[in-house]
Amino acid sequence: MNTVNDIFGKQLKILNIGLEQFADDLTSQGIPCIQLDWRPPAQGDPEAADLLSLLLE
Amino acid sequence: MNREEANQEVLKRLQDSEPWLVGIGRAIDVIPGMKKNLLLHAGPPIEWVEMCGPMQGAVIGALIYEGLAKDEEEARKLAASGAIGFEPNHEHQAVGPMAGITSPSMPVYILHNKKYGNYAYINLNEGLGKVLRFGAFSPEVIDRLKWMERVLGPVLKAAIEQSGGMDWKALVTQALQMGDDCHNRNRAATALFAKQMGQHLCKTGFSDDDISSVFAFINGNEHFALNITMGMCKSIADAAHNVEGSTIVTAMARNGVDFGIRVSGLGDRWFVAPANTPKGLYFPGFSEADSNPDLGDSTITETIGIGGFAMATAPALVSFVGGNYKDAVKFTLEMYEITGTENKNFKIPALDFRGTATGVDLVKVLETGSVPRINTGIAHKNPGVGQIGAGLVTAPMECFKKAARYMVEQKQNRKQNASA
């Protein structure tokens, strides 16, 4: 527990995955943040994922 | 061929094609399967009762132009009578912008793909505003079409023939480097046409008044070159169609109700879903509430890797279709995620001469969840009004899912047959 709390006293290195708004909020407060351009495969659409696996098998 | 090999063959054809503008003919004389009682339209198949307002307006105008009806009432009766056939341009080696109505008497450009031997056809651009392709059919629209048949078509035909034809891919390659995306910005391509064709126009033997009126028309129509470019794209896309096993899209087209795609490895079958409505800039007095859903065959430009896929090369375009240049670059970059290659001919100076994203791959669309981004003219939803703006729109994901479902079914059927 103590280890987790320790990070709040340090300069954080932040990588944000998903909504860019979270990264924008941090950046606007002067906290360095890298936004990772990532999306779940098939945009999280299970039908598209099934079709893909059948097409590519 | 497996999928990868089939796709490589399609991408090769998309880039190695040699489309030339070789002439002009009457639609009924040159378009395969054209008949006196047939009208060709944009997008996937649709019947008169299902057509959107601007397409019905264009049908009404075409029937008046052909002398088959004297007014709107007669035209509506005739269109509904069953005496007139309606078929997609795409199924006749043709394309048409917006409503895309091609009627038998219209002059059409002839594009010849010299590498693969196929031909494509498209009518002549009328300009913006009150024009047939946006559903207008007032006397000024019909008079302009008659002038195009009587003067513009014959003068251009003579000039093109005298020139020995024009390498249209070379012209588009140059126009893309001069700020055109060659879908909704065609100023450079139009200027290049006038520059190259001027010397031949002057030697056609037509009167000074006729030649001057042709130059004036070209000068007043910033989209003049669009139709020739669309014909070029169709001649390229058709050469890449019907490669078994390929998942590359060879047609995207809209009829104002549905958006349809065809896939190289899936034959001539259309995969359709309801068309989206564009978001954009409107002429004074109009708003999104007036706009018709996405319409036209002009998405043949994006199909072969220009238009919306090259928006980063056309900063001035955003003032016509809305948005900002940052978004135009973002959209252009996004298209690399869903396409098979970077075009070796069509380059974007602003992206360090990166080739345009070319060959939409069904598999990549499903993998990324990204769909083709298109820029487009916007037609009023009611017949008789015409163009009310221009904007941006996306292809519906459902078209790609339907094509994938069909391809999976075919694959499973082949397996069953092999094991039986």
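Start with the salt bridges between chain A and chain B: in this predicted model, the rule finds four of them across the interface of the two chains. To see one of these, select B:K401 together with A:E47, whose closest N and O atoms lie 3.3 Å apart. If you then widen the view to polar contacts across the interface of chain A and chain B, eight residue pairs meet the rule, with both residues of each pair at pLDDT 80 or more. Colouring the side of chain A that touches chain B by residue class gives nine nonpolar residues, one polar residue and five charged residues.

Next, select the whole contact, to which chain A gives 15 residues and chain B gives 16 residues. Between them the two chains bury about 1400 Å², and carbon and sulfur atoms account for 56% of that area. Within this selection, pick out A:R39, A:L51 and A:L55, which supply 41% of the area that chain A buries against chain B, more than any other three residues.

Conventions:
Residues numbered from 1 in each chain as written. Chains lettered and ligands numbered in written order. Predicted model: local features only at pLDDT ≥ 70, side-chain atom pairs only at ≥ 80, totals over all residues. Heavy atoms only, no water. Contact = heavy atoms within 4.5 Å. Buried area = accessible area lost by both parts, 1.4 Å probe. Salt bridge = Lys/Arg side-chain N within 4 Å of Asp/Glu carboxyl O. Polar contact = N/O pair within 3.5 Å; in protein donor to acceptor, adjacent residues only side chain to side chain. Nonpolar A, V, L, I, M, F, W, Y, C, P; charged D, E, K, R; others polar.
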